[in-house]
Amino acid sequence: YTAVVSWDEAHLHLGERVAVEGRIVVTYNSGRACFLNFHEDWKGKFHGVIFASSFAEYPEPPEDWLLDKRVRLIGKVEEHRGAPQIVVEELRQIVLLDG
């Protein structure tokens, strides 16, 4: 990746591989995917998504492990249902910034 951007600027980088920083304030695990949200009012806002096929890579369920953590998500910013997102396919795409 070439740039580190704030989560609320991720939409300016659609199609680019960047590192998006912010604090995960809401998580939701549907059983098929875990959503990592950076805003309480998450609709239409940037988020990370981890699919169930990757859950086993995490030291604990990602929705618990990452909640309220400052992170850097590394990947390609894509649009899904009008919202920018990064699909996290591997644990190494997540950098914990505050321990």
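Me: In which sense do S6 and strand S9 pair, and over how many bridges?
Reply: Two strands count as paired if DSSP finds at least two bridges between them. Strands themselves are DSSP runs (E, at least two residues), numbered from the N terminus. In this predicted model, S6 and S9 (residues 94-96) are antiparallel, joined over three bridges. Val71 has Leu96 in S9 as its bridge partner.

Me: What should I know about the model before reading on?
Reply: The model is predicted, so local features need pLDDT of at least 70 and side-chain atom pairs count only at pLDDT 80 or more, while totals for chains, interfaces and linings use all residues. Residues are numbered from 1 along each chain as its sequence is written, and side-chain values use heavy atoms, with hydrogens and water left out.

Me: Which strand pairs with S6 over seven bridges?
Reply: That is S2, and the sense is antiparallel. Arg23 stands opposite Arg70 in S6.

Me: How many residues of S6 are buried?
Reply: Buried means under 20% relative accessible area, with exposed over 50% and partly exposed in between (1.4 Å probe, protein chains only). Five of the seven residues of S6 are buried, so defined.

Me: Where do nonpolar side chains tend to be in soluble globular proteins?
Reply: They tend to be buried together. A nonpolar core is a set of buried Ala, Val, Leu, Ile, Met, Phe, Trp, Tyr and Cys residues joined through side-chain atoms within 4.5 Å. The largest one here has 21 residues, and Val20, Phe46, Ile50, Leu66, Leu73 and Ile94 have the most contacts inside it. Strands S2 (17-23), S4 (33-37) and S6 (70-76) each supply at least two of its residues.

Me: Which residues does Val20 touch?
Reply: Contact means heavy atoms within 4.5 Å. Leaving aside residues up to four places away in sequence, the partners of Val20 include Trp7, Phe46, Leu73 and Ile86.

Me: In what order do the five strands of the open sheet lie?
Reply: The order is S3-S4-S5-S8-S7, with mixed pairing. S3 (26-29) and S7 (78-80) stand at the edges with a single partner strand each, so one side of each has no neighbour in the sheet.

Me: Are the faces of S8 covered or uncovered?
Reply: Both are covered: Ala83, Gln85 and Val87 are buried on one side, Pro84 and Ile86 on the other.

Conventions. Helix = DSSP H or I, 4+ residues; strand = E, 2+ residues; numbered from the N terminus.
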